[in-house]
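Student: I have a new structure to get to know and would like to go through it with you. Could we look at it together, one topic at a time?

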Amino acid sequence: MTKWVYTFGDGKAEGNSGLKNLLGGKGANLAEMCNLGLPVPPGFTISTEVCTAFYEGDRHYPVELAGQVDAALKHVGALAGCAFGDKVNPLLVSVRSGARASMPGMMDTVLNLGLNDVTVTALAKLSNNERFAYDSYRRFITMYSNVVLDMEHHNFEDILEEYKDSKGFVQDTELQSDDWRHIVEAYKACVERELGKPFPQDPHEQLWGAIGAVFGSWMNARAIKYRELHAIPESWGTAVNVQAMVFGNMGETSATGVAFTRNPSTGEKELYGEFLINAQGEDVVAGIRTPQDITEKARIAAGSTKLSLEAAMPEAYKELVRIYGLLEKHYRDMQDLEFTIQQGKLWMLQTRNGKRTAKAALRIAVDFASEGLISHDEAVQRIDPAALDQLLHPTIDPKATRAVLSTGLPASPGAATGAIVFTSEEAEAAAKEKRKVILVRVETSPEDIHGMHAAEGILTTRGGMTSHAAVVARGMGKPCVSGAGAIRIDMVNGTMSAGGKVLKRGDFITIDGSNGQVLLGEIAMLQPELSGEFGTLMAWADASRRMKIRTNAETPLDARTAVKFGAEGIGLCRTEHMFFDGERIIAMREMILADDEKGRRAALAKLLPMQRSDFIELFEIMKGLPVTIRLLDPPLHEFLPHEPKEIQEVAEAMGASPEKLRLRALELKESNPMLGFRGCRLAVAYPEIAEMQARAIFEAAIEAGKKTGAIVTPEIMVPLVMTKAELDLVKARIDAMAKKVGEEHGMTLPYQVGTMIELPRAAIRAGDIAKSAEFFSFGTNDLTQTTLGISRDDAGSFLGSYKARGILADDPFATLDQDGVGELVKLAVERGRASRADIKLGICGEHGGDPASIAFCETVGLDYVSCSPFRVPIARLAAAQAALGKVTKAEG
């Protein structure tokens, strides 16, 4: 018989942390904490295999499941000294989800399950606390009605707020037992009125309803969106954790809280978190009451007058510190803990590897290695390369004037500027229009995931440092300010106000997630400096890395930026980008309009000193590092105007005939320019273009070599080659120019000539082409287009449907299609090396900065990857992880 249910409690468990795929992260860690002898309320986990069977069986459970759940309930009841459904001594349980990958706020939770009109009186008698019993019952009705019965929260919030207003209450803690009795009756009446049937009283019906809701929530919209954003497969499913309740709302000796064993924003080694006295778990993250600090140090830093846990409950605090130290050593990682204190006794409800910012991840990895808990290589593998993007966001210029509107909590670091929007739908719509916005909410919920993803930053008026907004924003690398309580939001009129100022939808604000400030208007930003732990970890990564990391750059700014980030050369300099400015575009157009070779050469002579100057500067910045320069690639019509008004203006500026300009543009126009008269085809038809560029390169190499004292060995790349004959024709012109320039300067010039592999035929004929090419650079942008028959500019209209239907796992222009394009790359590598053993191989498409694609490049043995300057740190780390054998795709 298949085992579907696994119990834990009283220092023993049927599972352990190694069974994460079966029990989910939460269930596996609850079992592990039990095995470690920590105080964990007893419970059981329904495995992820049930979720899979549930959906495969048309939402029916395996036949043996009910019997196994009943047996587990009896086992838990025996450990807890009570019985599920008992009218005198009832076992109450929580029902929580738990996928193998942490999905904070994505799945639904029910607490206090088992309460009804009878058991609530038993709970009041057992606890000698009627207020606590009815408070727990109203919470259960709210959660169960929302999660299982699909009623909106506001049905219950409205009842509670109206009652509090009628009594003059502000805080929920002011309500006494009779008040909660009244609220319970009002809630039940609301359920019956809305659904046409009474709130369920049978504890077993309640339990199976909650279990079904957890499995059902695996396929709700926000869970699907979260999985899509974090590459979590649908097939993993979720487990269900049923656990005996412990209560943080039993009075002043009870509390509930969340804590990180290190600061998740900075990585500092300190117990960091929040708690509330006389509360249940959802109160801490919901922002209904302002949470209290765990430590005295944090309380003092925050300027809070409320007692810290350290001061309010010193024994429980001491036990929490002991447990956090034990768990960090055991898991060898920063932990995110949930705990409840019931009448002075600490209970652990969860531990998991805590989510953290990239800045914190770096510090934690380096510190753990320095503390001897992990090796340098493990530290390198701990960091998600894509998360380094968080460190590359701008910060506010310290010299900028700050007009502070309000101050909240610094929930997620970094700064962002944007127009105010009040809904996630507005944020998503703005992102599609390339408008930058700040999502402003009273508080966020899992339904806001798409808006948070679309916004530059998030501002909430409620919630603490561990609220939904804070946790999700940190995971996304978005700046966030939470709990800015002085701000008032008027959703009806679309305004926010604070300090006597009223801002409307569309007005600009800036948020500083590092100090919690909300600022008026757009503020000047500074680019980040990478040092400290970043430098340490990158040094460890570089020591493990085999592939070199180059950059795609043709401007001095890009080249300098890339060198600062650790680039080891230029893998792609697109020379056409140098022709679009001022005098250059005029000379370029003169060349295109010329009637013969003599006229073309005269125009090219004007471009020569400009090209030479460009290359000198790049060579000087690179100081002897390799620089790959691609000869002119795009079709010539891209340099010409096409609209009548523009043609007239350009003709006048050039002193040319508008009609001649119009006819030449018409003559060069192509039906499919991507496959037209471009690349090496230009150099074959107009060899004088390649000759001018080659002269500029060689003369610049000589000049830069003299200035820097470093030998410059330029790599000249011929684009869009499909045959060896094409390459030979162009290479002959380059070789002749090298000889000529060398003779003029009395020296022999070092250089290499290679090609871009961006056509399937070139990949197939790589063995032949390698007889002439000294290097290959895979232009995977065009190779993807020509292999898949998909235009990169037009793919957006259908790629979403292809991904949704499982035809393509990823956007092939973001992550390399390894089965198709990757096979061609592999083939070209094998055939190229067979012809020329020392051929240099690299990649210079957008995939050069994608971690999964970089891992592929390592497996096929490329020598380098080249990417945009700000992706260089990501590529360095991803290449190190690939060399160490880390899987960069979603687990499983």
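Student: Is glutamate 576 buried or exposed?

Tutor: This is a predicted model, so what follows describes a prediction. In it, glutamate 576 has a relative accessibility of 6%, and because buried means under 20%, this residue counts as buried.

Student: Which residue does the side chain of glutamate 576 meet in a salt bridge?

Tutor: The partner is arginine 630, and the N to O distance of this salt bridge is 2.5 Å. The pair links distant parts of the chain, 54 residues apart, with glutamate 576 in the loop between β28 (570-574) and α21 (582-593) and arginine 630 in strand β29 (residues 627-630). Arginine 630 is buried as well, its relative accessible area being 7%.

Student: And which residues are linked with them in a network of salt bridges?

Tutor: The network links Glu576 and Arg630 with Asp633, Arg678, Glu758 and Asp782. Side chains of opposite charge can pair when their charged atoms come close.

Student: How many salt bridges does the count come to?

Tutor: The count comes to 61 salt bridges. One of them joins lysine 318 to glutamate 315, at 3.6 Å from N to O, and both of these residues lie in helix α13 (residues 314-331), three residues apart, which is about one turn of the helix.

Student: What about glutamate 443, which residue does it form a salt bridge with?

Tutor: Glutamate 443 forms one with arginine 462, and their closest N and O atoms are 3.2 Å apart. This pair also links distant parts of the chain, 19 residues apart, since glutamate 443 is in the loop between β18 (437-441) and α17 (449-454), while arginine 462 is in the loop between β19 (457-460) and α18 (468-476). Both count as partly exposed, with relative accessibilities of 31% for glutamate 443 and 38% for arginine 462.

Student: Changing topic to the strands, how many bridges join β32 to β33?

Tutor: Four bridges join strand β32 (residues 775-778) to strand β33 (residues 840-843), and the two strands run parallel. Within this pairing, phenylalanine 775 has lysine 840 in β33 as its bridge partner.

Student: What stands opposite isoleucine 843?

Tutor: Isoleucine 843 stands opposite valine 865 in β34. Strand β34 (residues 864-867) runs parallel to β33, and two bridges join them. Together with helix α33 (residues 851-860), β33 and β34 make a right-handed β-α-β unit.

Student: Now the helices: at what angle do α26 and α27 pack?

Tutor: Helix α26 (residues 687-708) and helix α27 (residues 724-745) pack at an angle of about 40°, and their axes are 9 Å apart. That angle makes α26 oblique to α27, and α26 passes α27 in a right-handed crossing.

Student: One last thing, what is the phi of asparagine 112?

Tutor: Asparagine 112 has a positive phi of about 65°, although it is not a glycine. Most residues other than glycine have a negative phi. Asparagine 112 lies in strand β7 (residues 110-113) and is buried, with a relative accessible area of 0%. Lysine 623, which is not a glycine either, has a positive phi of about 45°; lysine 623 is in the loop between α22 (597-622) and β29, and at 62% relative accessibility this lysine counts as exposed.

Notes
Residues are numbered from 1 along each chain as its sequence is written. This is a predicted model: local features need pLDDT of at least 70, side-chain atom pairs count only at pLDDT 80 or more; totals for chains, interfaces and linings use all residues. Side-chain values use heavy atoms; hydrogens and water are left out. Two strands pair if DSSP finds at least two bridges between them. A crossover is right-handed if, with the strands pointing away from the viewer, the path from the first strand over the helix to the second runs clockwise. A salt bridge is a side-chain nitrogen of Lys or Arg within 4 Å of a carboxyl oxygen of Asp or Glu. Buried means under 20% relative accessible area, exposed over 50%, partly exposed in between (1.4 Å probe, protein chains only). Axes are lines fitted to C-alpha atoms, for helices over the stretch in contact, and angles run from 0 to 180 degrees between N-to-C directions. Angles under 35 degrees count as roughly parallel, over 145 as roughly antiparallel, 65 to 115 as roughly perpendicular and the rest as oblique. A crossing is left-handed if the near helix is turned anticlockwise from the far one by less than a right angle, and right-handed if clockwise.
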